[in-house]
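Reader: I've just opened this one and could use a hand. Can we walk through it together, feature by feature?

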Amino acid sequence: MCPHIANCGLGRPLGEVLGAPSSSWFATHQLLAEMIFHARLENHPCRTLDPEGANLYYVPFYGGLDASNRSREVNFEARDALAIEFSDFIRRQKWWRRSNGKDHFIALGRTAWDFVRNDGGNDYGANRLLYMPSLRNMSVLLVERQPREGPNQYGVPYPSYFHPSTSEEVLTWQHQVRVIDRPHLFSFVGATRTGVKRAAIRDDIIRQCNESSLCKLLKCDSNRGGSKCHDPSEVLNVMIKSVFCIQATGDSFTRRSTFDSFLTGCIPVFFSPHAAYTQYSWYLPTDPNSYSVYIEDKRDRNSSNTKSMDIEQELVKIPEDKVERMRKRVIDLIPTLTYMHPNSTEDFGFRDAVDVALASLSKHVKSRRLPR
C-alpha cells in the first residue's frame with residue numbers, strides 16, 4: 001500500500017484526465033477512504049479542540065491498512081494483535097468511558113468482511129476487529145457493511161479519482177459529463193471471477209458485451225489489458241462514453257467501479273440489491289429506479305434455472321425520457337459521493353461524502369445520547 005498513501009491517501013496526482021490538465025484528479029486506491037476521512041476531519045470547519053464541548057468523536061485508527069499488511073499472516077494472534085491493542089486502549093480513554101463509545105466513530109477503508117473472522121470459520125485473511133468489545137457501541141464507517149448484520153455499520157462511498165478543491169471544479173465536471181456524447185449503450189469494466197455464481201454472472205456479462213455492437217468492454221484479465229484497468233483515464237474514458245455501466249458483484253457485494261460510474265454520469269446496472277441499495281442509505285435516493293437499473297439474475301434464486309438475463313434487451317426498452325431523468329439524477333449525486341481535497345478551505349455550498357457522514361452520525365448520536 002505504500003505507493004498509494006501519498007497526499008493523505010489521495011495517491012499520486014494524475015495531472016491530466018481525458019486530455020485536459022487538472023489538479024483535482026489523483027490515482028486514488030479504492031481501499032484508502034480511512035486516510036482521506038482523517039485528512040478531511042483534521043481541517044474540517046466543524047472540528048473542535050475542546051473535547052468537553054464535542055458532540056462526536058472520531059478515532060483515527062487505520063484498521064484497513066493493518067488488515068492489508070496482516071492478511072497473509074498465518075498466526076491469528078499476530079494478525080489480531082493491533083486490533084486487540086486498539087480495543088484495550090480506547091476503552092481506557094476518558095471521553096470513551098463517558099458514554100461507552102456511543103458518540104465515537106471509526107472509518108475503515110476495507111469491507112466489513114475483512115474484520116469479522118469467526119473462530120473455526122473460513123479464513124479470508126480477516127482479523128476480529130469488529131468483534132472487539134470497544135466496537136460494539138461505536139459507529140463504524142466502511143465501504144461495504146454487512147447487509148444482514150452490524151447495526152452499527154454504515155456504508156460510505158469508495159473513493160474515486162476526483163478530489164476537487166473548489167465548487168467551480170465540481171460544476172465544470174458536472175457540465176462536461178452532462179453534455180458529452182455517449183456512443184455506447186452499455187459497458188463493462190472488469191475481469192472474470194472464481195466461484196460458481198460470481199464466475200457465471202461475470203462470464204455471461206463479458207460474453208454478452210463481446211457479442212453486442214452496443215457494448216464497450218474493458219477486460220481486466222491480468223494477462224490481457226490488466227494495466228488499462230489500473231489506468232484511471234482508460235476506465236473513465238469507457239464509462240463517460242456509456243449510457244449504462246454494468247456493475248457485477250466482485251470479490252464481495254460492492255465495487256469501486258460503482259462510484260466511478262456515478263462520477264462519469266453513467267447509469268449503474270446492478271444484479272444484487274446488496275451492491276448498493278442496502279449499503280449506502282445515507283447517500284443514495286430511496287427510490288433506486290430513479291438512478292439505477294436492477295436486473296434480476298434468476299440463477300441467484302434458483303440454481304437449476306440456467307437461463308441468463310438479456311442485458312441489451314432490458315436496456316434498449318427503457319424510454320429515452322426516463323434515461324435522461326436517471327442520468328440527471330446520477331450527475332446531481334456527484335458532489336455528495338465525492339471526497340473533496342483535504343486542503344480545501346472553500347465553503348462549497350454543498351456536502352461532500354465526509355459532510356454527509358458527519359451530519360448523519362451527529363443525528364444518530366443525538367438520538368441515543370445519554371444524560372451527562
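Reader: Let's begin with the holes. How many cavities of 30 Å³ or more does a search of the whole structure find?

Author: Keep in mind that this is a predicted model. The search of the whole structure turns up one cavity of 30 Å³ or more.

Reader: Which residues line the largest cavity?

Author: Look for Pro-159, Ser-160 and Phe-162, then Phe-259, Phe-262 and Leu-263, and finally Ile-334, Leu-337, Thr-338 and Tyr-339. Sorted by class, that lining has eight nonpolar residues, two polar and no charged.

Reader: Now the sheet. In what order do the strands of the open sheet come?

Author: The general idea is that strands of a sheet pair through backbone hydrogen bonds, either parallel or antiparallel. Here four strands make an open sheet in the order β3-β4-β5-β6, and the pairing is parallel. β3 (57–58) and β6 (153–155) are the edge strands, each with a single partner, so one side of each has no neighbour in the sheet.

Reader: How many bridges join β4 and β5?

Author: Five bridges, in the parallel sense, link β4 (residues 104–111) with β5 (residues 139–144). To find one on screen, go to Ile-106, whose bridge partner in β5 is Val-140.

Reader: Which strands does helix α1 lie across?

Author: α1 (residues 33–42) lies across β3, β4 and β5, and runs at about 145° to β4.

Reader: And how do I read the packing of two helices, say the angle between α1 and α12?

Author: Two packed helices are described by the angle between their axes and the distance between the axes. For α1 and α12, the angle is about 80° and the axes are 10 Å apart. That makes α1 roughly perpendicular to α12. At the contact, Phe-37, Arg-40 and Leu-41 of α1 meet Val-354, Asp-355, Ala-357 and Leu-358 of α12. Those contact residues split into five nonpolar, no polar and two charged.

Reader: Last one, the second largest pocket. What is its volume, and which residues are closest to its centre?

Author: The second largest pocket has a volume of about 960 Å³. It is lined by 32 residues, and Thr-48, Ala-54, Leu-56, Tyr-57 and Tyr-58 are the closest to its centre. The largest share, four residues, comes from α12. By class, the lining has 19 nonpolar, eight polar and five charged residues.

Terms used
Residues numbered from 1 in each chain as written. Predicted model: local features only at pLDDT ≥ 70, side-chain atom pairs only at ≥ 80, totals over all residues. Heavy atoms only, no water. Pairing = 2+ DSSP bridges. Contact = heavy atoms within 4.5 Å. Axes fitted to C-alpha atoms, helices over the stretch in contact; angles between N-to-C directions. 1 Å grid on protein atoms, 1.4 Å probe; cavity = no way out; pocket = protein on both sides within 12 Å on 5 of 7 lines; lining within 4 Å. Points joined across faces, edges and corners; volume = space filled by probe spheres on them. Nonpolar A, V, L, I, M, F, W, Y, C, P; charged D, E, K, R; others polar. Parallel < 35°, antiparallel > 145°, perpendicular 65-115°, else oblique.
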